Structure formats: C-alpha cells, structure tokens
Amino acid sequence: LKTATGASYEKLRSDGMRAWVVENSRIAASMTASAVRSVCVAANGQCCRAVTAASDATKTCKEAVRSRMTALLATSKKTLVTAKAKAIKASTTAKTIAKNGHVQATAVGAAGGAAAVGAWRQEAIRKERV
C-alpha cells in the first residue's frame, strides 16, 4: 500500500493533476463496473435458484395432489362395489323372506293385531273426550 501510494504520488507530480485525476477516475470506474457485474451475476444466480425451487415445490405439490386423488378414486370405487354387492344381497334376502309362507302369515297377524290395537286405542281416546 505504501509503495502504491508513493507511485501514485510520483505519477501526480510527473503528469500533473488533470492527468492523474483522469487516470484514477478510469481505474475507479473500471473497479466499480467489475463490482456491479459481480453483484449482477450473483443476483441472477439467486433468482434462478429461487425460480427453480418454486418450480420444484409446485411440481411436488401437484404430484401429491394427483396421488391423493388417485387413492381417493380407488377407495371410492371399492366402496361403491362393496355397497352394490351388499344392496343386492339385502334385496335377495328380503325377497326370499317375503316369499316364505310363515313370514307372510306372521306379517298378516301382526298387521291385524296392530289394526285391532289401533282401533281399540282410538275408541279409548274417544271415550276419554266424552
């Protein structure tokens, strides 16, 4: 630093103030431009990395949503098939039970008993009002 300062002072004395200022201004401008380029390159690199990270995050999110939707669709289809099979079995069982003569006789007897109890209850309510 001491040597560079001494050389610069000697240049000032030999070339004059104007030439020394012009030369040092060019050097400062060159150094500033170099620093600006370095900052620009670093900022561009950061921007590229940020865009890549955002793109990767979006891709991962889309893949997760698609995977979950596929799993839910498969589960829904499985549930639908199971429900359909159970409904068919229940319908078949109900038809078999309804065709059974003993069940028909029991149902008729229960209906008749319910009608009799209902009529009796209506008569009791009417008598209470009077």
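Is cysteine 61 buried, exposed or partly exposed? Cysteine 61 counts as partly exposed, because its relative accessibility is 47%. The legends below cover this residue's chain, a predicted model, view by view.

View 1. The protein chain has three helices and zero strands. Along the sequence, the pattern reads α-α-α. The radius of gyration is 48 Å, well over the 14 Å that the globule rule gives for 130 residues, so the chain is more spread out than a compact globule. Along the principal axes, the C-alpha atoms fill a box of roughly 135 × 45 × 20 Å. Buried residues make up 1% of the 130 residues. The chain exposes about 11300 Å². Carbon and sulfur atoms supply 66% of that area.

**View 2. Helix α1 runs from residue 2 to residue 15.** This helix has 14 residues. From first C-alpha to last it reaches 20 Å, close to the 20 Å expected at 1.5 Å a residue. Glycine 16 follows α1. The phi of glycine 16 is positive, near 100 degrees.

**View 3. Lysine 11 pairs with aspartate 15 inside α1.** Side chains of opposite charge can pair when their charged atoms come close. Here the closest N and O atoms of lysine 11 and aspartate 15 are 3.4 Å apart, and the two residues form a salt bridge. Both lie in helix α1, four residues apart, about one turn of the helix. Lysine 11 counts as partly exposed because its relative accessibility is 35%. Aspartate 15 also counts as partly exposed, at 41%.

**View 4. Lysine 11 also meets glutamate 23.** The side chains of lysine 11 and glutamate 23 form a salt bridge, at 4.0 Å from N to O. Lysine 11 lies in helix α1 and glutamate 23 in helix α2 (residues 17-99), so the pair ties together parts that are 12 residues apart in sequence. Glutamate 23 is partly exposed, with a relative accessibility of 34%.

**View 5. Alanine 19 sits in helix α2.** Its relative accessibility is 37%, so alanine 19 counts as partly exposed. In sequence, alanine 19 and lysine 62 are 43 residues apart. In space, the C-alpha atoms of alanine 19 and lysine 62 are 64 Å apart.

View 6. A disulfide is a covalent bond between the sulfur atoms of two cysteines. The structure holds zero disulfides. Cysteine 48 is partly exposed, with a relative accessible area of 43%.

**View 7. Asparagine 100 contacts the start of helix α3.** A side-chain oxygen of asparagine 100 reaches to within 2.9 Å of the backbone nitrogen of histidine 102. Helix α3 covers residues 101-129 and has 29 residues. From its first C-alpha to its last, α3 reaches 42 Å. That is close to the 42 Å expected at 1.5 Å a residue.

**View 8. Alanine 119 lies in helix α3.** Alanine 119 counts as partly exposed, because its relative accessibility is 47%. Alanine 119 and lysine 59 are 60 residues apart in sequence. Their C-alpha atoms are 72 Å apart in space.

**View 9. Arginine 126 and glutamate 123 form a salt bridge.** The closest N and O atoms of this pair are 2.7 Å apart. Arginine 126 and glutamate 123 are three residues apart in helix α3, so about one helical turn separates them. Glutamate 123 is partly exposed, with a relative accessible area of 32%. A search of the whole structure finds three salt bridges, including the one between arginine 126 and glutamate 123.

Technical notes: Residues numbered from 1 in each chain as written. Predicted model: local features only at pLDDT ≥ 70, side-chain atom pairs only at ≥ 80, totals over all residues. Heavy atoms only, no water. Helix = DSSP H or I, 4+ residues; strand = E, 2+ residues; numbered from the N terminus. Expected span 1.5 Å × (residues − 1). Polar contact = N/O pair within 3.5 Å; in protein donor to acceptor, adjacent residues only side chain to side chain. Buried < 20%, exposed > 50% of the residue type's maximum accessible area, 1.4 Å probe, protein only. Rg over C-alpha atoms; globule rule 2.2 N^0.38 Å. Areas by Shrake-Rupley, 256 points an atom, 1.4 Å probe, with all protein chains shown as cover. Disulfide = S-S within 2.5 Å.
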